[in-house]
Amino acid sequence: MLVDLTVKNFLDELESNAPVPGGGSVAALSAGISASLVGMVANLTIGKKKYVKVEDDMKQIAADISAFKDTFVDLVDKDASSFDDFMKAMKLPKESEEEKKIRTEEMQRSIKYAASVPLSCADEASKMFDMIESVVVSGNQNAVTDGAVAAMMARTAILSALLNVKINMGSIKDEAYLAELKIQVDRLEEIANRREKEILSKVNL
């Protein structure tokens, strides 16, 4: 599994000519890094007399963000496996008309799945912004820049994941499915850009 590699080994795999890991896994990893930074700021706030009024909030954030981190860890490998699923569909026999039909159906199913994984990553990452804002505004101000980086990484994760959705959209034939995907992509892009800007405006250095 990719998530069991050392950082160096992961980067070596990324650099190689292997198709996975790729941008989708990196998007999920970026979201996981964002979540971990949020947890860091929250945990650096807990137990400090200066921040006793927000301690309960920070404890809740620390607990909630850990679950997000686990989700993104799973998505690192899930994105890679979605590519393998598509390649299996590509290799199906296509001699007879029936085989061609089955292969086409499997390819469309696998492409939809390949789009759904990064879409899920972007959607989950978008849910972290309120917690990121809380640690930036109310958390330990010695770590405020870590919270700011979390916002930047969350935006990067979302926009990166959505690029992977878009490239798969070009091969999807289901017009109704495509229309719904476009609505979701546009919504998440708007959230990512707006919320990062709002949060960074509250970082006073």
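# Notebook: helix packing in a predicted model

**Helix 5 against helix 7.** I began with the contact between these two helices, where Phe129, Asp130, Ile132, Glu133 and Val136 of helix 5 meet Ile191, Ala192, Arg195, Glu196 and Ile199 of helix 7. Sorted by class, this contact holds six nonpolar, no polar and four charged residues. I note here that the model is a predicted one. Helix 5 spans residues 129-138, and its axis lies 10 Å from that of helix 7, at an angle of about 10 degrees. Angles under 35 degrees count as roughly parallel, so helix 5 is roughly parallel to helix 7.

**Overall layout.** I then stepped back to the whole protein chain. I found seven helices and zero strands. Read from the N terminus, the order of elements is α-α-α-α-α-α-α. I took the box along the principal axes, and the C-alpha atoms fill roughly 75 × 35 × 25 Å.

**Helix 6 against helix 7.** Next I looked up the other partner of interest for helix 7. Helix 6 covers residues 144-169 and helix 7 covers residues 175-200; their axes come within 9 Å and cross at roughly 165 degrees. That angle makes helix 6 roughly antiparallel to helix 7. I logged the crossing of helix 6 with helix 7 as left-handed. On the helix 6 side I listed Ala148, Ala151, Met152, Arg155, Ile158, Leu159, Leu162, Val165, Lys166 and Met169. The helix 7 side consists of Leu178, Leu181, Lys182, Val185, Leu188, Glu189, Ala192, Asn193, Glu196, Ile199 and Leu200. The class count for this contact is 15 nonpolar, one polar and five charged residues.

**Helix 2 against helix 6.** I asked which residues helix 6 sets against helix 2. The axes of helix 2 and helix 6 are 8 Å apart and the packing angle is about 160 degrees. Helix 2 is therefore roughly antiparallel to helix 6. This crossing, too, I recorded as left-handed. Helix 6 contributes Asp146, Gly147, Val149, Ala150, Met153, Ala154, Ala157, Ser160, Ala161 and Asn164. Helix 2 contributes Gly23, Gly24, Ala27, Ser30, Ala31, Ile33, Ser34, Leu37, Val38, Met40 and Val41. By class I have 13 nonpolar, seven polar and one charged residues in the contact of helix 2 with helix 6.

**Peptide bond at Pro21.** I checked omega for the bond from Val20 to Pro21; the value is near 0 degrees, and the bond is cis. Most peptide bonds are trans. Pro21 sits in the loop between helix 1 (7-15) and helix 2 (23-45).

**Aromatic rings.** I searched for ring pairs and the count came to one. The pair is Phe68 with Phe72: the ring centres are 6.4 Å apart and the planes stand at 35 degrees, so I call it tilted. Both residues belong to helix 3 (residues 55-90), where they are four residues apart, about one turn of the helix.

**Annotated spans.** I compared the UniProt record with the coordinates. The unreviewed entry carries the annotation "domain: Cyclodeaminase/cyclohydrolase" over residues 6-186. Over residues 6-186 I get 81% helix and 0% strand, with the end C-alpha atoms 35 Å apart. The unreviewed UniProt entry also annotates residues 20-44 as "transmembrane region". For residues 20-44 I get 88% helix and 0% strand, and the end C-alpha atoms lie 35 Å apart.

Key:
Residues numbered from 1 in each chain as written. Predicted model: local features only at pLDDT ≥ 70, side-chain atom pairs only at ≥ 80, totals over all residues. Heavy atoms only, no water. Axes fitted to C-alpha atoms, helices over the stretch in contact; angles between N-to-C directions. Parallel < 35°, antiparallel > 145°, perpendicular 65-115°, else oblique. Left-handed = near helix turned anticlockwise from the far one by under 90°. Contact = heavy atoms within 4.5 Å. Nonpolar A, V, L, I, M, F, W, Y, C, P; charged D, E, K, R; others polar. UniProt positions renumbered as here; feature names shortened; annotations may be inferred. Phe/Tyr/Trp six-rings, centres within 6.5 Å; stacked < 30°, edge-to-face > 60°.
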